[in-house]
Each structure stands twice: as structure tokens, then as C-alpha cells.
Amino acid sequence: MVNAEPSGVRLDVWLDVACLFRTRSEAQKACKGGKLDVNRQAAKPHRVLHIGDEIEISRPFGRKQRVIVRALADRHISRAGARALYEDVTPAPSPEEIEMRRMERIYRAAMTPPRAPDKRQRRALRRMKGRDE
């Protein structure tokens, strides 16, 4: 349910309801890990949010997401309704940043170790080495 009153909502609850984190416990871990700032101050999960607060979320690979609280809710709502709870003011990535992210993805894909062979592949390897069958 969307609250119009300025009483406030817990930060971890609001982040979960606004679909900025998958679960409330993920939001709590991010708060405790120092990944969230509210109005440029480190925030704990029990901090009370108010309309107009600015939240900065540290995302993987050094990215920062900035949102401004436009409405409060303490119960889950539809995803479209959740998007109405905040305004995303994150600046668009520069072309250099986009290229750097693309190169990082390519590097990570190349560096991931191959999976262990499954049963069928192990049999084929044994046949090829002449050990079995």
C-alpha cells in the first residue's frame, strides 16, 4: 500500500518493495556492507525514509545508482507501481564506460573455467583415450 503520510518507512523494506533489491535480506546486507548512502550519509537498514530522500546504491563494477524517493510503500505492489515509488537520476554511461563494460564481459567470459564434463562427455573422453570399451 502506498503511504501519502510523511511518517516514513524502513529503508530495507522500501528497497525491497521498490524492487531495487530482490529481497529484504539482500537490502539489509547492502546497508550493513556500506553499499547505501541516504542523503550522502551511510545508512543502516532501520533508517526511516521520507519522501524526497536521495539514495545512492553502489552496484557491481564500480557503478553507482542514484534514486530519489517519490512515494513510500511498506507492502509489495506491482512492478509498475514500484517504479512509481522513485525517480532514477543515475547519469547515462559514457561511451568509454560502455566499451569498458563490454571488454570486462568478454574478459570474464574468457576467464571462466570450463565446466566439468558430464557423464556422456566422460564416456567419450575415455573412448578417445582408449581406456574403456
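**Ground rules.** I number residues from 1 along each chain as its sequence is written, and side-chain values use heavy atoms, with hydrogens and water left out. Because the model is predicted, local features need pLDDT of at least 70 and side-chain atom pairs count only at pLDDT 80 or more, while totals for chains, interfaces and linings use all residues.

**Entry: the sheet.** I looked up the strands (DSSP runs of E, at least two residues, numbered from the N terminus). I found an open sheet of 5 strands in the order β4-β3-β6-β7-β9, with antiparallel pairing. Two strands pair if DSSP finds at least two bridges between them. At the edges I noted β4 (41-42) and β9 (86-88), each of which pairs on one side only.

Entry: For exposure I used relative accessible area (buried under 20%, exposed over 50%, partly exposed in between; 1.4 Å probe, protein chains only). Asn 39 is partly exposed at 34%, whereas Arg 40 is exposed at 71%.

**Entry: the largest pocket.** A pocket is an open set of points on a 1 Å grid over the protein atoms alone where a 1.4 Å probe fits, with protein on both sides within 12 Å along at least five of seven lines; lining residues have an atom within 4 Å of a point. The volume, the space filled by probe spheres set on the points, is about 170 Å³ for the largest pocket. I listed its lining as Phe 61, Gly 62, Arg 63, Glu 97, Met 100, Arg 101, Glu 104 and Arg 105. By class I have 2 nonpolar, 1 polar and 5 charged residues; Met and Phe count as nonpolar, Glu and Arg as charged, and Gly as polar.

**Entry: Arg 63.** Where is Arg 63? I placed Arg 63 in the loop between β6 and β7 (64-69). Arg 63 counts as partly exposed because its relative accessible area is 32%. Leaving out residues up to four places away in sequence, Arg 63 touches Ile 57, Ser 58 and Arg 101, where contact means heavy atoms within 4.5 Å. The side chain of Arg 63 also reaches the backbone oxygen of Pro 60 at 3.3 Å.

Technical notes
Helices (H or I, at least four residues) and strands (E, at least two) are DSSP runs, numbered from the N terminus. A polar contact is a pair of N or O atoms within 3.5 Å; within protein, one must be able to donate a hydrogen and the other to accept it, and residues adjacent in sequence count only if both atoms are side-chain atoms.
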